[in-house]
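Keep the structure open as we go.

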Amino acid sequence: GHESEVIERLILDARERFVTLLNTEQGMKLANEVKRKLTDLVYPWATHYIGYEADPLLDIYFFGLASLQLQMEEGYDSFHFATRFGGITYQTYVLALTFVIANYVRHEAFAEALVSKDRSIALENVLTITSDIEGFVADMRDAVNFFGAEYESFEQIDLTQARAVFDVLSCGRHSLDLVSAPGVPIPFIVQCSDEGFIHCPAGARGEPLRFLLESLRHHFPKDYDRNQTSRERALQQAVRRILSKSFSGLEFRENIKAKVDGKLLTDIDLVVIEKDSGTVLLCQLKHQDPYGTSIHAERTRGERLVKETLSWLDAAQTWLGSIGLEGLPQVLRADFPLREDGIYKLVIARHFAHQLKNIAPCQGALYATMAQLLVAATSVEPGGRPSNLAALLGRLMQIPEFQAAYEHQPENQTNWKIGDLQFVTYQQA
């Protein structure tokens, strides 16, 4: 609950900034022009269907809206833009997904414009028909190449590559195993034949980014596993950027090998050093995929997180005990006074960390998701930003307390009878 609330707060802040931009004179002028074009270009077709013409302004406007929507989804930055799946860059898949979502958002806007234009039409009676795959793939290729040209090192795609991307973004006979898994996101493109497909706007409003990630894992398992190992560097850079922006005088060390008697126990992914206070953060970074609504994925990934964290905490403590307080500055290549109570172990998880609530504090460790770390580091106190890491650590120590506020209250045993069926519900400790 607390993790969700932090994410919602960040999304709300982003949306408020976007609304502020739209409320400027230029933004309102653009919105009025878009509304006028929607009204002018939409028309009822064959009584029960909707028809509308295209316009470059609408293409650009709704592509921007779709891009904003995707950027606020968990997992948007899961991979570097140049990472490849099936020989095609991750950037290409995201641009194609943005094009699909833009089409759906634009379609909904046209439907609203149509029922406003013709009051005799009920919104629930506006129907669409299946779309031609070949024509849509060609449009998607053109859109990806057009919008992608704005990015450095972008690689244009041809029709064959566009069709491969379409198959990843869609559900059909080629991917039934993908959509049969529990908790899978709703598909937004359903191939109903070799030539046609059905648009599914509900999927576009659901978790389209997670569908893309799950589909990439399904279609290219070897590429996915290999590319996952490249995410540590990006996570290191993100943590450094967050902390450096909020605190001055920090030093960082990466990938410290924790050895005892020549034997490697573990890696310390990132070390944060504040010389003035003698504070050292030993950080373990956990790269994760969001589990969405899948209870099974939450359980298995949560259990793995707990197991790996316990192993790392034990290894890190053994290493610290071996080198002692005097040996740590030498390992970290830093000459400064250290305090035994100034060394902290911190687990930073990309998307979820609440499973650590019952183990981390017992091990004298702290934990946080990237979103929680961002909020803790950038929160402004009455006197301005905190002057040192002590304020950050104080906020991170509160996470288990914040988390506890979302636990369910004790429930009494309840007896139920529905027809001939009788059962009892109770809360298990």
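**Salt bridges, faces and sheets**

Student: What should I know about the source first?
Tutor: This is a predicted model, where local features need pLDDT of at least 70 and side-chain atom pairs count only at pLDDT 80 or more, while totals for chains, interfaces and linings use all residues. Residues are numbered from 1 along each chain as its sequence is written, and side-chain values use heavy atoms, leaving out hydrogens and water.

Student: Which helix holds both Asp223 and Arg226?
Tutor: Helices (H or I, at least four residues) and strands (E, at least two) are DSSP runs, numbered from the N terminus. The two residues are 3 residues apart, about one turn of the helix. An α-helix has 3.6 residues a turn, so residues three or four places apart point the same way. The helix, residues 221–228, is H10.

Student: Is Asp223 buried or exposed?
Tutor: Buried means under 20% relative accessible area, exposed over 50%, partly exposed in between (1.4 Å probe, protein chains only). Arg226, at 47%, counts as partly exposed. Asp223 has a relative accessible area of 16%, so it is buried.

Student: Which residue forms a salt bridge with Glu308, and where does that partner lie?
Tutor: The closest N and O atoms of Glu308 and Lys286 are 2.7 Å apart. Glu308 lies in helix H12, so the pair ties together parts that are 22 residues apart in sequence. Glu308 is partly exposed at 35%, whereas Lys286 is buried at 11%. The partner is Lys286, in strand E10.

Student: Glu214 and Arg301 meet in a salt bridge; how many residues apart are they?
Tutor: Their N to O distance is 3.9 Å. Glu214 sits in helix H9 (residues 208–219) and Arg301 in helix H12 (residues 295–331). Glu214 is buried at 18%, and Arg301 is buried at 15%. The pair links distant parts of the chain, and the separation is 87 residues.

Student: How many salt bridges does the structure hold?
Tutor: Side chains of opposite charge can pair when their charged atoms come close. The count for the structure is 24.

Student: Within what arc do the buried residues of H14 fall?
Tutor: Helix H14 (residues 389–397) has buried residues Leu389, Leu392, Leu393, Arg395 and Leu396. The arc is that of the directions from the helix axis to the C-beta atoms. Seen down the axis, these residues line one face of the helix because they fall within 160 degrees.

Student: In E9, what is the bridge partner of Phe252?
Tutor: The open sheet of 5 strands runs E8-E9-E10-E11-E12, with mixed pairing. E8 and strand E9 (residues 263–274) are joined by 10 bridges and run antiparallel. The partner of Phe252 in E9 is Val272.

Key: A salt bridge is a side-chain nitrogen of Lys or Arg within 4 Å of a carboxyl oxygen of Asp or Glu. Two strands pair if DSSP finds at least two bridges between them.
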